[in-house]
Amino acid sequence: MIKRNPCRVKKVKYTANGVETIEERGYAQERKTIDGEEQIFVMEGGDTGIGYWYPKNEVRLVHGGWKNKPKVEPSRKSFWTRAKKV
């Protein structure tokens, strides 16, 4: 599991007192439009490895945006070297 995009997900929990809306932590892995609705695939934290698709309006990214860029851009020489090894 890639822990790049920490987020909070709104979930509905049914208890003896009734219905509660709670926020759980997870990591956003992927974005996709399914049946015309923008959705985000969120993996739950920990070692469970369970993930679900949620509507975009139910997911709040902690850093305010999608963070999939590497911290350091590889040089052109590095790209060339990698391409020749294949």
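At 31% relative accessibility, Glu24 counts as partly exposed, because buried means under 20% relative accessible area, exposed over 50%, and partly exposed in between (1.4 Å probe, protein chains only). This is a predicted model, in which local features need pLDDT of at least 70 and side-chain atom pairs count only at pLDDT 80 or more, while totals for chains, interfaces and linings use all residues. Residues are numbered from 1 along each chain as its sequence is written, and side-chain values use heavy atoms, with hydrogens and water left out.

Side chains of opposite charge can pair when their charged atoms come close. A salt bridge is defined as a side-chain nitrogen of Lys or Arg within 4 Å of a carboxyl oxygen of Asp or Glu. Glu24 forms such a bridge with Lys11, and the closest N and O atoms are 3.3 Å apart. This pair links distant parts of the chain, since Glu24 belongs to strand β2 and Lys11 to strand β1, 13 residues apart. Strands are DSSP runs (E, at least two residues), numbered from the N terminus.

Lys11 is buried, at 18% relative accessibility. Lys11 also forms a salt bridge with Glu44, the closest N and O atoms being 2.9 Å apart. Glu44 lies in strand β3 and Lys11 in strand β1, so this pair ties together parts that are 33 residues apart in sequence. Both Glu44 and Lys11 are buried.

## Another salt bridge

A search of the whole structure finds 4 salt bridges. One of them joins the side chains of Arg60 and Glu23 (3.6 Å, N to O). Arg60 is in strand β5 and Glu23 in strand β2, 37 residues apart, so that the pair links distant parts of the chain. Arg60 is partly exposed, with a relative accessible area of 43%, and Glu23 is partly exposed as well, at 38%.

## The sheet

Strands of a sheet pair through backbone hydrogen bonds, either parallel or antiparallel. Here, 5 strands form an open sheet in the order β4-β3-β2-β1-β5, with antiparallel pairing; two strands pair if DSSP finds at least two bridges between them. Strands β4 (51-55) and β5 (59-61) stand at the edges, each with a single partner strand, so one side of each is left without a neighbour in the sheet.

Strand β1 is joined to strand β2 (residues 18-34) by 10 bridges, and the two form a hairpin with 2 residues between them. β2 and β3 are joined by 8 bridges. They also form a hairpin with 2 residues between them, and Asp35 in the turn has a positive phi of about 55°. Across this pair of strands, Thr33 stands opposite Glu38 in β3.

Gln39 is placed in strand β3 (residues 37-44) and is buried, with a relative accessible area of 12%. The C-alpha atoms of Gln39 and Tyr54 are separated by 5.4 Å, although the residues are 15 apart along the chain.

Asn5 lies in the segment before β1 and counts as buried at 3% relative accessibility. Not counting residues up to four places away in sequence, Asn5 touches several residues, including Tyr27, Leu61 and Trp66; contact means heavy atoms within 4.5 Å.

Key. Helices (H or I, at least four residues) and strands (E, at least two) are DSSP runs, numbered from the N terminus.
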